[in-house]
Amino acid sequence: MSDPTPSGSSMPDNPRLAELRRKHGRPPQAPGAEPPQITPRDSQPRFRGLESGHRACQGCGEALAARLVMESAGPDVMVSNATGCLEVFTTTWPQSAWRVPWIHSLFENASAVASGMEAAMKAKGKNTKVLAFGGDGSTYDIGFQTLSGMLERQHNVLYVCYDNEAYMNTGVQRSSSTPHAAATTTSPAGKERMGKRHLKKDLLSIIAAHHIPYAAAASVAYPQDLQRKVRYAMGIEGPTFLVIHSPCPLGWKHDSCLTIEVARRAVECGLFPLVELERGAVTNVMPIRKPRPVRDYLELQGRFRHLFAEDPRAEEEQAHLQALADHNIATFGLTGDAEDPADTGGAALVHRGGPLASGGF
Amino acid sequence: MIEYRIHGRGGQGSVSAAYLLASAAFEAGRMCQAFPAFGAERRGAPVTAFVRTDDKPIELRAQVRRPHYLIVQDDTLLHDEAITAGLRPGGGMVVNSAQDSTEVSAHFGCRALCVPANALAVEMIGRPIPNAVLLSVLLTLTGDLPLDALKSALAKRFSGKVLEGNLKMVDRAAKMAEVGAWKENEDA
Amino acid sequence: MREALEGSQAIARAVTLCKPDVVAAYPITPQTHIVENLSELVAEGDLHTEFVSVESEFSAASVVLGAAAAGARAYTASASQGVLLMAEVLFNIAGLRIPLVMTVANRAVSGPLSIWNDHADSMAVRDSGWIQLHCVSNQEAVDTTIQAFRIAQETDLPVMVCMDGFILTHVMEPIDLPEQSEVDAWLPPFVFDRALDPSDPKSLGMMVTPDYFPEIRHAHHAAMEKALPVIEATDRDWEASFGRACGGLLTVEGDAGARVGILAMGSTVGTLRAGMAEPGAAPARLITLRAFRPFPAKALRDAARGLDHLIVIDRAISPGAGGVVGLEVAAALAGHPDMPRLHNHALGLGGRDIPETIYADLIAAIEDTDAPGFSVFDADLSKLAPEDR
């Protein structure tokens, strides 16, 4: 293959970046070159697989994430959706917000149903890509076995976990994805407890241990990054996995207009690292250059309010969360000090304003 | 209807013996039914299997309680005095053993023929699987089914050298028994 | 062609004749031989299907659900704990009205652990909304399996083909397997109107509020009732093509003038037939119930009319209530004139062998006027501590 980086264009000439662009996104084009063959999948980004008018809460991170995923994935797809908010707010007979074939069976079997759909496509010689959607409850917890089975059997399915870190559909109960010290209705803060006692499950590492072609973390605060990851996963024949950090204003107890800001700070503090793994090895991270203190992320959310009380335990838990973020920053080299940062922009440069950017809310 | 009960140990092919006998009956144009008394047995544990043959469809699905014939694939099972339980008067048992037939016969009070089936099987097919030898001997004694039916059943299951060895073994085994010696049993 | 085949092997061959697009299954005794035989047929190139070796029965049911929803003919098989692990999915499959076929190699349910036959597993999911057909012999199991694929797609209902574990699955007997060309002519290609298709997107399995839920349940119930004539007609059509039937909804045989009837499902019927044919056996009317769901109440009343006594054999009990079939038969006959007195007995639970003498013993037990309405007939209470009797 010839080097697609055009000389004299505004394209950066970093070969590593060019390679990643070629791999992850659409190949850069030289001026005046023949327009590339547009396949239906290339033309999908503007496709609206999930229509507006559904019943999601104001500021719902999951609804936004699902819309972004569908834009990049559709229309030649079919969706297997686990029980959860996404299923409930998009359907409710006789109305559906889905513009793609969509099925909901149960809470814990979205992966297995997707496996069957994919097997059917294979049997019929069709290329339609199968997507499986679940929240963190159905992914980290109750549907974990069927997910592992699907990955192990190498089904050609893109699994997307909309991670809002608790069972939001049933009223904010803790899941194994709930962060340490967060208060939920089943891990409330009180005289004896500082919210959830256990750590957020390191799901990506477990997924990585399946050595699937591609697994990544994304965030609704970084939509282009998110969509690039979806497009990349769509191009892979085999199991791929995407976990998307999707704030829930109701469950995290933040204002509905702060969804993007909260999600952004989770990335910027290092608590939710945006990493990519291929065959189980980290191949790319989004650097955050100047990490924010975890405190900046926590202070926006009522679920961490007890960590700001006059209480030595609160200080201790804040320190604990900061240590977890520091660990991520060190493990993944998130400050971008390494020799060849994959993304020269980095999290700090992806900023679009919002109520807090212009000096307060 | 003729009923058979096969006693063996897990791994000796008792269930295969039952299926083989039923297949032979099928090849001879008779109705057949073969099934194991399944337990959670592992290798070496006692296993029982049952066979019925008839010239009309077989409806009965109970285990065989009153067999016309017994096949015992492992003579250590003779320590169980109840092994001949329910054996019909005039019935007989073929035992895979180097023991003396007269003694076994006297001990259990029924007709018995002991044949060293393991030794013959090792010689002919290289493995101590006594099924085909014992079935050949039993069918020679009773004349219930022609040996050709047994051979056809084997041909459905094996091919090449293994089949060749089995077919020769059936002929060799048949020489160990007196043709038609137990023939009158069904009238008993 | 007629062959001597093990029941499981025959089922695998019958499934192959139906050309399923997707097969998903998880091994469990006594269903294992079915899965093994199917795997072997795939490995040998005799069965062209997407064979999905799943990590649990729960996923097996989910995979075939997804496959059928995506427009594929799909098949699975299970037993006992496997059926119970599937339970949530089985209700979902039926509620979504997805046409599927599943073999249940009937087995007892733990605990205590038993790998042997009874009907506790399929009875545990009797309210799932699946059609449940019981087979007397392996020939019926083969024929019913092929019929099931047609019934499923004609009714948009999933069909469970119930065959007694070990007693049928592990029995070798002569089987008449239809030719591929005959099955091709008899069984239409798989069609599912609501299949997922990007060119015509539909949403399946949506949340339903109280505004619509009762109507959907009614429609499901009505579909089951409408399946009754479909099951009958399919068997008649099968008979017309292959010269043998499987007993429609139920069959009546024996002495039409007898005052005593015996009703049973599955392989027990064979042993009862053998007992009835014994010289000097008391006359009886033998009713073989093939369709347990939908329950053929009217056909049953017609079959039972004129009897003084009806012995109902159960291979599953609802502790604290009695035999499951017995309760259903009682409900079907209740309030109708000229209906017999019921004697409900459980037999052969957890694989207890049912001897050839059972026919005479059951009929003799009618005289025991002190007997309770329900009993575990072959239980030897002396094995129990007095307080457990």
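Which residue of β9(C) does A:Ile103 stand opposite? The legends below refer to a predicted model.

View 1. A:Ile103 stands opposite C:Leu204, a residue of β9(C). The pairing involves strand β2 of chain A, residues 102-104, and β9(C). These two strands run in the parallel sense and are joined over two bridges.

**View 2. The side of chain C that touches chain A.** Here 37 residues of chain C are in contact with 38 residues of chain A. On chain C, the elements that give two or more residues to this side are β2 (22-25), β3 (50-53), α3 (57-69), α4 (80-95) and β9 (203-204). The largest share, nine residues, comes from α3(C). By residue class, this side of chain C holds 21 nonpolar, 10 polar and six charged residues.

**View 3. Contacts among the chains.** Two pairs of chains are in contact, and chains A and C share the most contacts. Chain A and chain B do not touch. The nearest C-alpha atoms of chain A and chain B are 28 Å apart.

**View 4. The fold of chain C.** Chain C has 12 helices and 18 strands. Its radius of gyration is 21 Å, close to the 21 Å that the globule rule gives for 389 residues, so chain C is as compact as a globular protein of that length. The C-alpha trace of chain C spans about 65 × 55 × 45 Å along its principal axes. Of the 389 residues in chain C, 57% are buried. Among contacts in chain C between residues at least 6 apart in sequence, residues at least 24 apart are joined in 80%.

Definitions and conventions
Residues numbered from 1 in each chain as written. Chains lettered and ligands numbered in written order. Predicted model: local features only at pLDDT ≥ 70, side-chain atom pairs only at ≥ 80, totals over all residues. Contact = placed C-beta atoms within 7 Å. Helix = DSSP H or I, 4+ residues; strand = E, 2+ residues; numbered from the N terminus. Nonpolar A, V, L, I, M, F, W, Y, C, P; charged D, E, K, R; others polar. Pairing = 2+ DSSP bridges. Rg over C-alpha atoms; globule rule 2.2 N^0.38 Å. Buried ≥ 20, exposed ≤ 12 C-beta atoms within 10 Å, placed from the backbone.
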